[in-house]
Amino acid sequence: MEILFVLIPIAIILLGFAIWAFFWSVNTGQYDDLDSPAHSILFDDDDDLIPDDAKQEKVTTTRD
Amino acid sequence: MSSNLNSQHRLERCFHCGQDVPNGTHFVANIKGTAQSMCCPGCKAVAETIISSGLEHYYKYRQGDSAIVPELSGTELPSTVQDELKLYDNPSIQQAFVVTLEDNSKEATLVIEGITCAACVWLLEHHLVKQTGVDQASVNLTNHRARIRWNDNKTSLSSIMAAIYHIGYQGHPYHPDKEEQLLTLEKKRAFRRLGVAGLGMMQVMMMSIALYAGALQGIEDKFETFIRWTSLIIATPVLLYSARPFFTAAIRDIKSRHLSMDVPVSIAVGSAYLASAWATITQSGEVYFDSVTMFTFFLLIGRYLEMQARHRTGRAGNALLNLIPASAIKIKDAQEVLIPATELAINDIVLVKPGHTIPADGIIITGYSSVDESALTGEYRPINKTVDDLVVGGTINVESPLRLKITEVGADTKLSAIVRLLDRAQEEKPAVAKIADSVASYFVAAVLITATVVSVTWWQIDPGNAFWITLSVLVVTCPCALSLATPTALTAATGTLRQHGLLITRGHVLESLATATHIIFDKTGTLTEGNLSLNDTQACGSHDIQSVLEIAAALEAHSEHPIAKAFRKYQVRTAETMHSELGQGLEGTIGTDVYRIGKPQFASALCQQHLTHDNAPNLDGQWLLLCSTKEPLAWFCLNDQIRKGTHQTLSILRRLGLEIQMLTGDNSGAVQEVARELSIDKVIANTSPEDKLAYIQQLQNQGAKVVMIGDGINDIPVLAGAQTSIAMGSATDLAKTNADAVLISSDIIRLTDSILLSRKTQSIIQQNLTWALLYNLIALPLAAMGFIAPYMAAIGMSVSSLIVVGNALRLTKLVRRNPVK
């Protein structure tokens with residue numbers, strides 16, 4: 001079990017890296033808007049990215 | 001004489017904004033091959049712009065019909081708006097909020113009005129990026145700010161802002177003040193603290209599991225020591241960085257001789273850490289690093305949510321400063337010079353054109369006009385002002401040009417005074433934790449006394465164990481669950497209500513709403529909409545309702561009067577050679593025909609008839625007549641309408657056992673009419689602000705618990721005097737800052753939800769406090785007798801905290817209100 005003396009320090013170094021990454025993301029504003037990205041994944045506005053032959057017949061857009 | 005041509009009852013709703021389509025109109029937009037009905041040309045223009053930019057997905061993504069009715073109509077913006085937007089291209093005005101980057105690109109932050117859901121964000125971002133010259137546009141749904149980067153050679157800021165107008169939103173420049181920047185910094189710092197505590201807690205907990213397992217089945221000493229040392233290393237930043245706010249607050253409280261919850265929290269965290277560190281160094285005793293980090297993390301979550309609730313009101317303050325125009329026309333050596341409003345000085349002479357906002361407080365030196373002071377007073381009818389009258393910065397000049405001498409600028413203006421008042425309201429610590437704080441004082445004293453007794457007793461029995469047992473008493477009684485009991489419940493309920501349109505700004509609201517006995521409403525702007533809207537259109541003879549509406553709107557398009565606003569959304573044409581008769585009506589030419597709109601006598605004089613109010617279809621409301629040179633064309637009824645959902649709200653409130661009253665300064669027949677329609681028995685009309693306050697105080701002296709709901713400046717004393725006060729979202733800002741809560745969406749039905757949820761919150765707080773005290777009462781004697789091992793203390797603490805938090809989370813759903821028959 002002497003391997004613990006290597007693994008635990010590595011875990012602490014990784015933790016330090018995680019904290020650095022977290023600070024970077026907070027400081028660059030990644031957490032400023034927590035609402036809209038959650039919805040934007042549901043908007044299929046990628047029509048122009050789909051090859052024409054793979055497109056399915058689209059239902060006319062209606063409300064709801 | 002008049003007939004309603006389209007008498008068929010359509011209950012159609014506008015495809016764009018979801019409001020009822022008025023009878024007799026047929027505005028239609030082609031949406032992907034389907035003809036969809038629209039309520040007005042404004043919605044039609046916006047919908048067509050959205051479709052033509054290929055953004056029809058917007059209608060699929062948006063949630064509900066909450067999109068607002070566009071203020072503007074037609075594809076062309078009114079000239080006043082265009083002029084105003086052009087001002088933003090002026091470099092001296094831009095310097096306040098635009099950053100110039102390399103190669104002619106510029107960046108600005110705008111506050112966007114009208115955002116309701118994520119689909120709005122999607123629509124704005126895509127529409128803006130499609131404009132030529134716009135490089136980047138990102139819209140923040142949380143604070144409604146748009147960051148836009150564009151190439152100044154290819155486009156201008158005014159055309160970007162016009163593009164925002166075209167899809168039904170409005171953009172205003174955003175320039176944060178120092179306080180706003182500090183708030184952002186504070187929020188980020190709190191979030192970093194939370195993150196460090198969370199990461200630290202997870203790591204320490206992992207190590208602790210090894211230690212717990214070791215305690216049960218044996219562990220080699222070298223590993224135990226090593227794991228303890230690593231726990232110490234990880235827990236140290238959590239204590240020094242994340243838990244710091246608790247220590248500073250505790251030191252402050254001790255200095256001011258006031259025991260708050262921060263004191264026992266600091267004692268528990270600090271002593272557990274120091275003892276664990278000592279145990280690690282000397283290789284003796286027990287370690288409690290897991291408890292230290294977990295406790296810090298749990299409490300920081302509570303604090304963070306509470307802080308967020310407090311910062312929400314910060315947005316209102318920014319919106320208020322937007323009222324002040326960014327520019328002013330200064331008269332210098334008989335020349336008109338456009339300067340930024342911030343450069344105005346006392347005794348400057350400025351020119352304010354009709355439709356423009358007054359740049360600072362001043363006194364009129366020439367001109368006669370009416371001024372819309374609704375921003376300040378909530379009164380929607382403009383007030384006549386003449387030479388030597390004072391006008392207030394931020395209000396709007398309605399009719400004719402005015403020259404002012406500036407009397408106050410910057411921080412001395414009335415508007416800034418309001419902002420300062422708001423600042424004070426924010427500084428005031430929300431009373432959220434106060435119940436727990438009063439418990440805390442007794443609790444701290446009790447714990448400290450018990451700990452002393454325990455250590456002295458054990459010193460007599462077994463001096464070697466005395467220290468560790470005393471410490472376990474301190475850790476076990478660590479008031480984690482107790483200090484979380486109230487804040488978590490209040491935070492959960494406050495958050496839920498905010499999502500549903502009630503913003504709570506003071507802590508006692510949830511408690512006092514639950515115990516309320518009387519609900520008292522103001523009339524104008526609270527039970528009614530507070531602005532004139534077109535109630536009924538009666539075309540004369542064979543005229544089509546839509547065509548007469550368009551003529552009326554064309555005439556009214558040039559007026560800034562509140563009456564004109566009721567017609568604005570029908571505007572597709574424009575009239576020429578406009579002439580207005582003060583207090584009478586308007587005359588103008590459309591094509592080759594001359595028309596008049598206004599008071600019946602004034603309008604009918606054009607076609608040589610004599611019609612008065614008595615000729616109107618009925619006597620309710622205010623009727624306007626539209627005439628051509630040949631004949632009367634149509635009657636329009638304008639009225640202040642009762643708010644949607646008011647009937648339902650009042651009947652639910654009655655069923656909840658609340659007494660409903662109406663308190664109004666109005667003295668007209670409208671008071672009885674509204675009271676009759678809503679079946680309110682107790683009405684006190686014709687009251688001054690002092691009377692209102694006296695009435696409420698008298699009620700409260702008789703033991704009633706009063707909730708007052710109002711909107712205007714005249715309601716402010718009574719809002720401040722009532723036990724609980726709620727301002728409507730459309731209320732004047734001064735009223736909002738004086739109220740304990742704001743109905744953001746002005747959706748009055750939310751009141752019932754608030755009352756139901758506040759009652760549930762009270763019972764959940766009681767359950768939480770009972771549980772937390774019970775846990776401490778059971779754990780304390782066990783710890784004092786030395787039966788509690790560290791892992792038991794940690795498990796007990798987390799389980800009791802989780803139960804409290806889980807119980808509070810039941811408040812994230814609204815209580816169902818049973819439908820009224």
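How much area do chain A and chain B bury between them, and what share of it is on carbon and sulfur atoms? The value is about 3,200 Å², with 68% on carbon and sulfur. Buried area here is the accessible area, taken with a 1.4 Å probe, that two parts lose on being put together, summed over both.

Some conventions before I go on. This is a predicted model, where local features need pLDDT of at least 70 and side-chain atom pairs count only at pLDDT 80 or more, while totals for chains, interfaces and linings use all residues. Residues are numbered from 1 along each chain as its sequence is written, chains are lettered from A and ligands numbered from 1 in the order in which they are written, and side-chain values use heavy atoms, leaving out hydrogens and water.

Back to the interface. Chain A puts 32 residues into the contact and chain B puts in 35, a contact being heavy atoms within 4.5 Å. The rule finds 1 salt bridge across it, that is, a side-chain nitrogen of Lys or Arg within 4 Å of a carboxyl oxygen of Asp or Glu. The partners are B:Lys222 and A:Glu2, at 2.2 Å from N to O.

Which helix of chain A gives the most to the side that touches chain B? Helix 1 does, with 12 residues. Helix 1 spans 4–27 and helix 2 spans 36–40, and each supplies at least two residues of that side. Helices are DSSP runs of H or I with at least four residues, strands are runs of E with at least two, and both are numbered from the N terminus.

Now the cysteines. Over all chains, the count is 0 disulfides, a disulfide being a pair of cysteine sulfur atoms within 2.5 Å. B:Cys540 is in none, and its nearest cysteine sulfur, in B:Cys627, is 7.7 Å away. For B:Cys627, the closest cysteine sulfur is that of B:Cys607, at 3.9 Å, which is too far for a bond. Are these residues buried or exposed? B:Cys540 is buried at 6% relative accessibility, and B:Cys627 is buried at 0%. Buried means under 20% relative accessible area, exposed over 50%, and partly exposed in between, with a 1.4 Å probe and protein chains only.

Last, chain B as a whole. Chain B has 28 helices and 29 strands. Of its 821 residues, 53% are buried. Among its contacts between residues at least 6 apart in sequence, 66% join residues at least 24 apart.
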